[in-house]
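Biologist: Hello! Could you walk me through this structure, starting with one of its sheets?

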Amino acid sequence: MRIPSWEIGRALGIPIRIHASWFLVFLLVTWTLSTGYLPESLPGLTPERYWAMGGLAAVLLFLSVLLHELGHSYVALHYRIPIEKITLFIFGGVAHMRKEAPTPRAEFLIALAGPAVSFVLGGLCFVFVELAEAIQRQHGLQGWIMLGALLGFVNMQLGLFNMIPGFPLDGGRVLRAGLWAWGNDFYRATKQAAVVGLGFGLLLGLVGLVVMYGAVSGGLPASMASNGGWILVIGMFLFAAALASRRQAVIRQSLATVPIRDLMVTTVTTIPSQCALDEAVNQYFQSYGYGGFPVLEDGRLVGLITVLEIQNVSPSLWPWRRVEQVMRPRSESLVIESDIPVIHAMERMAREGWDRLVVMKNEEIIGLVTHSAIVHFLQLRGSSNR
Ligand SMILES: [Zn+2]
């Protein structure tokens with residue numbers, strides 16, 4: 001089951017989405033503050049007032065995380081990296097970048113921008129607290145001072161936590177930028193930074209366990225048990241994210257080094273452009289079992305027809321439609337050369353929503369590269385790499 005998320009608006013032209021798990025954080029923060037932290041440190045107010053302050057703090061916390069992600073996004077957009085969306089979820093936020101940074105320097109600056117925003121926000125909150133304390137004799141600013149201090153603390157923590165040098169945290173991206181600049185190998189740098197991420201994930205998990213044990217056995221205050229639990233969960237999350245990043249880097253690395261020639265299908269059956277669709281289905285799609293065929297006219301490639309185009313035509317019309325009327329016409333993106341890395345074919349297929357491309361050399365069809373062939377290749381690679 002996919003957990004739903006909702007778009008709540010746009011910033012810098014980027015859709016902002018809230019994941020359902022974020023509401024859990026929102027409720028938890030509001031509830032903890034309104035029933036515990038606020039009444040303890042600021043006694044004598046009405047419950048409504050505590051709930052209003054708790055809710056406000058949760059909204060400001062949300063804004064802090066959003067501004068952190070917008071910091072990353074702003075610099076990424078400067079490097080012409082499109083941002084698909086920003087999602088806020090239980091562990092914070094993610095700005096989904098459509099491609100990787102072009103240079104180590106860009107990677108470094110994009111990674112640093114988020115924590116920089118958090119540190120500046122934290123600093124501003126502390127300045128606000130200082131100012132408010134100086135003038136509070138005349139006004140009852142105690143509540144605002146508390147919110148300011150809390151938010152300053154949270155933003156500093158957000159900046160510090162993200163600077164842990166384990167990929168995919170921001171600090172890990174900074175590390176990757178350094179390793180990338182040093183060794184001039186993006187994928188190796190990613191794998192190394194992800195291994196450091198695995199290490200920090202384990203370390204946080206252990207710290208969480210020790211804190212929980214201390215709280216339960218009485219060595220630490222009992223109230224720290226939930227802190228320990230939270231650290232443990234974050235450690236596990238970092239470990240899983242680092243593992244996934246490492247796996248993805250391995251996959252992308254193999255796709256970036258293997259040329260299309262090595263996994264293209266070389267026995268290509270073509271279909272004439274004048275063929276009627278019912279004939280195409282019976283004599284080609286059903287007898288060969290392939291998902292698509294290049295279309296020829298006078299021996300020249302004019303397009304590609306796949307199951308998808310046939311599906312769009314009602315079967316009763318098949319005898320009356322010819323392949324050339326429904327095929328995907330030949331274009332720049334339909335044809336690819338055999339010596340370029342598979343990753344480019346995959347990116348193009350993803351972009352166009354296609355499952356195959358025609359491989360040509362000197363106007364001659366020499367093969368087909370299909371999505372399923374790439375998947376099979378990765379499955380074989382994956383099992384031999386483990
Ligand atoms: Zn960040």
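Modeller: Gladly. This is a predicted model, where local features need pLDDT of at least 70 and side-chain atom pairs count only at pLDDT 80 or more, while totals for chains, interfaces and linings use all residues. Residues are numbered from 1 along each chain as its sequence is written.

Biologist: What is the strand order of the open sheet of 4 strands?

Modeller: Strands are DSSP runs of E, at least two residues, and helices are runs of H or I, at least four, numbered from the N terminus. Two strands pair if DSSP finds at least two bridges between them. With mixed pairing, the order in this open sheet is β1-β2-β3-β4.

Biologist: Which are the edge strands?

Modeller: An edge strand here pairs on one side only.

Biologist: Over how many bridges do β3 and β4 pair?

Modeller: Strand β3 covers residues 83-89, and its F89 stands opposite G92 in β4. The two strands pair in the antiparallel sense, over 6 bridges.

Biologist: Why is the protein more spread out than a compact globule?

Modeller: The secondary structure comes to 12 helices and 11 strands. The radius of gyration, taken over C-alpha atoms, is compared with the globule rule, 2.2 Å times the number of residues to the power 0.38. For 386 residues that rule gives 21 Å, and the protein counts as more spread out because its radius of gyration is well over this, at 28 Å.

Biologist: What box do the C-alpha atoms fill?

Modeller: The box is taken along the principal axes. Its dimensions are roughly 90 × 45 × 40 Å.
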